[in-house]
Amino acid sequence: MNFDDTPQEAEFRATARAWIHANAPRQYEEDLRKSSLGRTQLKNADILQVAKAWQKKKADAGWACLHWPKEYGGRGASPIERVIWQQEEGPFGKLSAMFIIGHGMCGPTVMAFAREDHKRTYLPPLASGEKVWCQLFSEPAGGSDVAGLRTRAEKDGDEWVINGQKIWTSGAHYSDYGILLTRTDPNVAKHKGLTMFFLDMKSPGVEVRPIKQASGASDFNEVYFTNVRIPDHQRLGEVNDGWNVSLTTLMNERSAIGAGVATGFPELFDYCSSLMLEDGPAIEDRAVRAKLANWAVKASGLRYTSMRAISALSKGERPGPENSIGKLVAGSMIQDVATYALDLQGAAGVVSGPEDAELAGRFQAMLLRAPGTRVEGGTDEIMRNIIAERVLGLPGDIRVDKDVPFNKIPTKGRN
Amino acid sequence: MNFDFSDDQKQLRDQARKFLAEKCSPKAVRVVLDGKAPFDKELWKGLAEMGFLGVAIPEEFGGAGAGHLELCVIAEEMGRANAPVPFSSTVYLAAEALLIAGSDAQKKKWLPAIASGEAIGTLALFEGKGNPSPKSIKLAAANGVLNGVKKPVPDGAIADFAVVAARTGSSGRDGDISLFLVDLKAGGVEVKSLTNLDPTRGQAEITFTNCKAEPLGAAGDGWSILTQVLDRAAVLCAFEQVGGSDRALEMGRDYALDRIAFGRQIGSFQAVKHMLADMYVSATLARSNSYYGAWALSTNAAELPEAAAAARISATQAFQHCAKNNIQVHGGMGFTWEFDCHMYYRRANAMALGLGSLSYWEDQLIDRMRKKNAA
């Protein structure tokens, strides 16, 4: 048992570190370090532009999408090299947030199902950040139940005509392309009538409307499709096999190991170390210490769980299922941590303006963003189902709509 | 990075699991649970023969000289099997205290006897209610004799010798505490068995009256040695708790698959599935924290105090959580004497107290994290 790199890994790390040291936009390092959930911002700079510039610089030097093949804009690196890169990239990795969907989900789907010429055309600019992609799955009527989606695709010659609405599309407002899951046959069971496409987000008939979140920020959008035409050669996978195609996408969503999930613990520990209560420093208060200790072991447990997965990668093995706990644990933890940080401030905790609030309102921002973490990318409940079914081997839910044609499934709970 | 046990260590774990599955069935555990024997003597003998008792004891003192990582994997299996033997008191507490502070003669006398299964040892630390602290130690040592009462002492009624924490000064500092070795079969000792939460591991009250004792380690070093012993034991116990958590989770999972209610497997209800998923989360966090503790223990790293406290808290929570909800999954049957669920529930809750309770370790963890940050 050790934490050492193999000689090969050490060499790769040294090369990566040297390149990052020489090339990273270090004028933003401090701002990025201070960023936490719900609050990532740069002083005097547009984060989108900074992120795109950093991604392009990485791509030009062969440091973008490390695990992708070279011909598609990657480096052909091993999984462990990808992890080492992430460790070395450190706070600058936060600049990749706008590319996560494209690189983590859209790219792998295109790679698995698109025509070769499309792959060579579309993947390199996706890797370099010159083109941004989004993922159009969720709908008002299909969140956790993705296969319940209703957006229609109807064949018209060599084209498909799309009508419907998507929701919760991250970054649709700055995306160039998207992968789109549609219903092509409503007369069969819901999983059997879906088809996947990719499309130009500037196509006529696509309308993007930002969603104003509970936090007041707008990271997500509604996307409306009115008679949008997509050529058949932009279909990903067979007609009506979209569900299987989407599983590739979703499997990739949770495969990013080593990126580390935010728990809010380091922020809370620092805060309690400096905060003075009536009877002395907060961290010397017994009640505070008990709370901190309970969160400390969750945060360290997640950290070491991720190290176990990295060790498996280092040995060329597939990581076990342990990593599936990350988002489930971190999501509610960061919500509780934020709530407690405000509790410690008494009535003053309500003040949230950066000029008046403690630590520039970091915990208020965390509190307001945290509910989304427990929903996006699989709700807490879906994550528990996944652990119960795939890890523990418990039976799947009884699906009352399984063999029912989609257009016969009830659409209202009460009339 | 190789943050995992080696193939040899995993093989040792498989070997221990197979051995315990054969020699330490729930039926065997029940012999001790029902009070028909103070501990499983046959199993103890077998553990000695397998080399498990002395796995971390150097060869020159009769052990296998393997190391603490090997001891961790065996500890996990002992916890999984709920073994009714004085393994933790003898191996984690007494042997570790000797390894840290024993003279050559003391090690030669006791360590080979531990490895061969001839001697059972323990640590006599507590004196009634409360968590470990120099203040709580009142038992007096003067002129080579001890006077006072220790309780509860784990496996005290079956132990051959004890490491005893005693007061040798009254300055109010940690240096007031010294450790002593006592042959419990010699005079000056009165032992009384105590009924306790987990009858598969005994607890005793030991009264020392002008009892002869030899110093273990330098005078005044007692508290510092004790802290190290408790940290090491915290990691080793965490592995037992991880083994117990996994077993309780498996029992719950298996029952959820077998039991039919409302015309379907109860494991198909989300209320049950989610409870089991949460148990898996706790057990996984505990395992990962414990691995870090194992690394720190085996390399004697400066991180050990913090790692030990984190492993202790996380594994204690996980075992309590898994043992409690295993009963819940079983419904009424889980609450019967006949089903094995309560054996893990008892063990989980007894282990949560043995080295000092959760609130003590929470306090320790924060102290140690602050120290690290300040450094």
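**Labels and the values behind them**

Author: Let us begin with a pair of helices in chain B, where helix 1 of chain B passes helix 4 of chain B in a right-handed crossing. Please keep in mind throughout that this is a predicted model.

Reader: What makes helix 1 of chain B roughly parallel to helix 4 of chain B?

Author: The axes of helix 1 (residues 7-23) and helix 4 (residues 68-81) of chain B cross at roughly 30° and come within 9 Å. Angles under 35 degrees count as roughly parallel, and therefore helix 1 of chain B is described as roughly parallel to helix 4 of chain B. On the side of helix 1 of chain B, the contact is made by Gln9(B), Leu12(B), Arg13(B), Ala16(B), Arg17(B) and Leu20(B), while helix 4 of chain B brings residues including Leu69(B), Glu70(B), Val73(B) and Ile74(B). By class, the residues of this contact between helix 1 and helix 4 of chain B divide into 7 nonpolar, 1 polar and 5 charged.

Reader: Why are helix 8 of chain A and helix 9 of chain A called roughly antiparallel?

Author: Helix 8 (residues 265-274) and helix 9 (residues 286-314) of chain A pack at an angle of about 155°, and their axes are 10 Å apart. Since angles over 145 degrees count as roughly antiparallel, helix 8 of chain A and helix 9 of chain A are therefore given that label. The contact is made by Phe265(A), Leu268(A), Phe269(A) and Cys272(A) of helix 8 of chain A, together with Val288(A), Leu292(A), Trp295(A), Ala296(A) and Ala299(A) of helix 9 of chain A. The residues of the contact of helix 8 with helix 9 of chain A divide into 9 nonpolar, no polar and no charged. Helix 8 of chain A passes helix 9 of chain A in a left-handed crossing.

Reader: How do you know that helix 9 of chain A and helix 8 of chain B are roughly perpendicular to each other?

Author: The axes of helix 9 of chain A and helix 8 (residues 270-299) of chain B cross at roughly 75° and come within 8 Å. The range for roughly perpendicular runs from 65 to 115 degrees, and helix 9 of chain A and helix 8 of chain B are therefore roughly perpendicular. Among the residues that meet there are Val297(A), Tyr304(A) and Arg308(A) in helix 9 of chain A, and Leu285(B), Asn289(B) and Tyr292(B) in helix 8 of chain B. By class, this contact of helix 9 of chain A with helix 8 of chain B has 5 nonpolar, 6 polar and 2 charged residues.

Reader: Which element gives the most to the side of chain A that touches chain B?

Author: The contact takes 36 residues from chain A and 39 residues from chain B. Helix 9 of chain A gives the most to the side of chain A that touches chain B, with 16 residues. By class, that side of chain A has 21 nonpolar, 7 polar and 8 charged residues.

Reader: Is Trp168(A) buried or exposed, and how do you know?

Author: Trp168(A), which is in strand 3 (residues 159-170) of chain A, has 21 C-beta neighbours inside 10 Å. The cut-off for buried is 20 or more, and Trp168(A) therefore counts as buried. Trp168(A) also has a positive phi of about 65°, although it is not a glycine.

Reader: How does Phe262(B) count, as buried or exposed?

Author: Phe262(B) lies in the loop between strand 9 (260-261) and strand 10 (264-265) of chain B, and has a positive phi of about 50° although it is not a glycine. With 8 C-beta neighbours inside 10 Å, Phe262(B) counts as exposed, because the cut-off for exposed is 12 or fewer.

Reader: Why is Leu197(B) called partly exposed?

Author: Leu197(B) has 15 C-beta neighbours inside 10 Å and therefore counts as partly exposed, the label for values between exposed, at 12 or fewer, and buried, at 20 or more. Leu197(B) is found in the loop between strand 6 (189-194) and strand 7 (203-212) of chain B.

Conventions
Residues numbered from 1 in each chain as written. Chains lettered and ligands numbered in written order. Predicted model: local features only at pLDDT ≥ 70, side-chain atom pairs only at ≥ 80, totals over all residues. Helix = DSSP H or I, 4+ residues; strand = E, 2+ residues; numbered from the N terminus. Axes fitted to C-alpha atoms, helices over the stretch in contact; angles between N-to-C directions. Left-handed = near helix turned anticlockwise from the far one by under 90°. Contact = placed C-beta atoms within 7 Å. Nonpolar A, V, L, I, M, F, W, Y, C, P; charged D, E, K, R; others polar.
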